[in-house]
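Hi,

Here is the structure I promised to pass on. Have a look at it first, and then read my notes below.

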Amino acid sequence: MTDFQWPWEYSFPPFFTLQLHEETRQQQLNVWCDLFLKYLKHINKFTVNIHENTFPLFNNETLNRRLTPEMILQILEKLQSTRHAHPLDKKRHEWQVYWHTLDEYGNMIYDWILETGQANSVCTLYEISHGDSSEGKGFYNIDEAVLLSVLRQLEEKGRCEALKVEEIINDVNKFHLVTLEHAAEISPLVHDRSIGPDLDLIDYKENEEPRDRLREENDNIKKDLTKSDKNEINKKKTPAKEKPQQKSPSAKEVANNEPNSLHSLDFQTINSSILLKEAEEQRKRSIRQKMLELQEKHASLMHQTLQPLEEKQQEERRKWLEKKRRSDSQILQQAEQKSSQELKEQERQLENLRQQTQKQLQLIFFQGISQYQMKFRNKYEAIVHLLMSIDKQALISCAEYNKKLKELIQMFEQLIGKIKSGECGPTELKTAENLCKSLEDLEINILEACKQEKTKLEEKQREQQKQEEERVKQEQAQQTQKLAEQQQQQQQQQQQQQQTQLANPTQQITPNEPAKAATVATTSTTDGGGGNTGSSSQFVSSERFEFYTKINTFYQEKVERVKVLQSDDSMKKYRFDCQKNINIPVNAISAVSQQHIQDKYDKLFSFVSTQPTLGRDYCILLMAKKFVGQGETTISSNPQAAFPVASVIVSLWKNIPEFGQLFLAYVFKECPFLVPYFIPQKKGQTIEEYSKILGYRMTEGQIESQDMYLKRQTGVARLYAAVMITLGRQQDGPAHPYGIEHAWRWLTNFIALDPLPDICATLIMEILQIVGSDMWSAYGKQFVKLLVYIQQQYFPKLSAVDEGGPKARLELLLGKFLREGQIQKPQGILPQGFW
């Protein structure tokens, strides 16, 4: 038995949970019903129990998902409504399932009986379900219980009769008993052997009675039987009941003394039946003899009648043949006259046919060459796009391939010129095929060369990354020293700042007024739209502003480039296909198994890699936006989901560097505080416009609530932090494109800015919970000093503007870290070498 091909829904986890929406639930039950019938037919199983926990149909061990008994019962009840299932017990635990209805099975069996000529004959259940003549039928190997149900329905319709073996045996035994009773009754009258091929029917010599007398007696007996009553005969047969006191005579006495008794009557009746049979046979022989004589007379009469007619017909045929001979002679003469003209006409037609055939062959060759030309052009365009997408250094290494490409183009153009001149045959078709194969080989060589160049470029990038990491470590050491120097100055200014802040308290952000938390800068800066102006250290450090500007500029260039594709109505289906091929794998990412996460990565990477240059940019933008959207939706509600998503992001980042930059662009767009950049409100800017820049959502013209805003920002921050500590695939190497050093940069730059209510405490707490353990291991005492600085220097400034829940939770969490001397690893983080 071949392996069963499971449908794609069987590998979809929600498929094992009953859906709430009515239409979706009905569609889900229909798919389950179809799967039940197909799988049970595949394994030839007719009974199921809703409590079979290990049954593969109910339990997907790969997904660790299993149907509940209640859902199995609903599926079986739906099958019952279509007459494909029936419960076998009152509790409805055991069910009988058949992939054809009982009516369909009955029609198939009845048609088979008629086809094989077995009507009005006896068939066993084994002959129907396992016989040689039923092999290949839809009811072959049917379960015996199901077969009995089918036969009962056929019996109700009057198409068959079910017989039990016990009933047949009882009927045979009853027939034997009746036969023995009859033999016992006539045994006293029979003295010799009464059966055998050498035995005469009746010995008339013993009785010494002529046949005529027997016939007269038989006639008299028949008349007496006709006149007498049946009840009277029954009384004569049982005289013992009327006179129970008298002694019953023996059979021999009855035979000798009562010649007209019942026994004697039976014997004479037998003799008379034999005589009647002989008379009937004689009558039939006489009739047959008369029929033969009539047939002979009829044949003789027909011969005498038809003979003149036959002679007349022969004469007419002779005249017709003579006339035909003369006609044929005339036709032959006419044919000889026209033969030369017809021969010329045939030659002309053959010449036309040959020319038409030649034109059709040329058309076939031309169509074949046209297909190869289209294939050659498509392959050429793909190679051109490939060469345009690589950098100049890699393009120099492909100069030889470029020369070969030009030669193939020239050869194909020469071939097209020959075809235009009228030379279009099998040789040209073979040449076009060889040129296409040569172009395919050239494409393979170019891809291999690009792959080698890409490997070299990755090695170069790794070296640059190592140098960057060393530079970052030096900057971190310098920054830590600078913070220590500023600590004393800030302690002196703390009392003065507190007095000033108490005199002019900063208002907290409210759902309707988010812009009041930021102080308007005296110098202009860059807004959310990406305008190029200066920056103020009050809202962002110069280093982070330069990094933010670089990421945002790259993002704007990509958006401008794909506007042509987005505005083209003819590409609507292509855009929809791109969204579908990206959204489905991203939504399904989870840490259920390494095969699962590898499958989702392969689908995303292979789809993006096979797109043309413009389509590739569009897909990368879609993919980056979708991943950040996962932070706002899924991860904001399920923190552990951040790590499998982050693992796929890191792997894609390593193999598609521009994806990483666009991912950061969308992160900074949704939460500019992760730059960190506290964007100020520009002069003349409305609250709604400013709220959008800070990442607020607008619903029907209203700004979303503060709780919903903080929840979404928390999800994006979790994903951003998880990317910095999560490893990708093993085969991509240990190098990280955006490692833990960026967490250090963010935290040190963040606490250097004036805090805002709610959002600052929320982001610091989320980032520390995710990356705190890794930062403690990487930076040791330097990180502890940073935590102490936050507790002693940053908290007083935060307390001046925030007395809400986020600040209180952060204060407790920070105290716990310093008190225990460690930070626990976050829950759900993937182990090293997971995939």
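How many bridges join strand β1 to strand β5, and do the two run parallel or antiparallel? There are 3 bridges between β1 (residues 47-49) and β5 (residues 94-97), and the strands run antiparallel. Strands here are DSSP runs of E with at least two residues, helices are runs of H or I with at least four residues, and both are numbered from the N terminus. Two strands count as paired if DSSP finds at least two bridges between them.

Before going on, a word on where this comes from: it is a predicted model, so local features need pLDDT of at least 70 and side-chain atom pairs count only at pLDDT 80 or more, while totals for chains, interfaces and linings use all residues. Residues are numbered from 1 along each chain as its sequence is written, and side-chain values use heavy atoms, with hydrogens and water left out.

**The strands**

β5 also pairs with β4 (residues 85-87), again through 3 bridges and antiparallel. Look at Gln96 in β5: it is the bridge partner of Thr47 and also of His86. The hairpin of β4 and β5 has 6 residues between the strands, and Arg92 takes a positive phi near 60° there.

**Salt bridges**

A salt bridge here is a side-chain nitrogen of Lys or Arg within 4 Å of a carboxyl oxygen of Asp or Glu. By this rule the count is 33. Arg92 turns up again, paired with Glu77, and their closest N and O atoms are 3.8 Å apart. Glu77 sits in helix α2 (residues 69-81) and Arg92 in the loop between β4 and β5, 15 residues apart. For exposure, buried means under 20% relative accessible area, exposed means over 50%, and partly exposed is in between (1.4 Å probe, protein chains only). Glu77 is partly exposed at 34%, and Arg92 is partly exposed at 26%.

Next, go to helix α12 (residues 262-389). Arg283 and Glu280 both lie in α12, 3 residues apart, which is about one turn of the helix. Their closest N and O atoms are 2.3 Å apart in a salt bridge. Another salt bridge joins Glu440 to Lys375, at 3.1 Å between the closest N and O atoms. Glu440 lies in helix α15 (residues 426-503) and Lys375 in α12, so this pair ties together parts that are 65 residues apart in sequence. There is also a network of salt bridges that links Glu632, Glu670, Arg697, Glu704 and Arg712.

Helix α22 (residues 687-694) has Tyr690, Ser691, Ile693 and Leu694 as its buried residues. Seen down the helix axis, they fall within an arc of 160°, so they line one face of α22. (The arc is that of the directions from the helix axis to the C-beta atoms.) Their cover includes α21 (657-670), β7 (702-703) and α23 (706-725). Just after α22, Gly695 has a positive phi of about 105°.

**The whole chain**

The protein chain has 27 helices and 7 strands. Of its 835 residues, 34% count as buried. Take contacts (heavy atoms within 4.5 Å) with a separation of 6 or more: 69% of them are between residues 24 or more positions apart.
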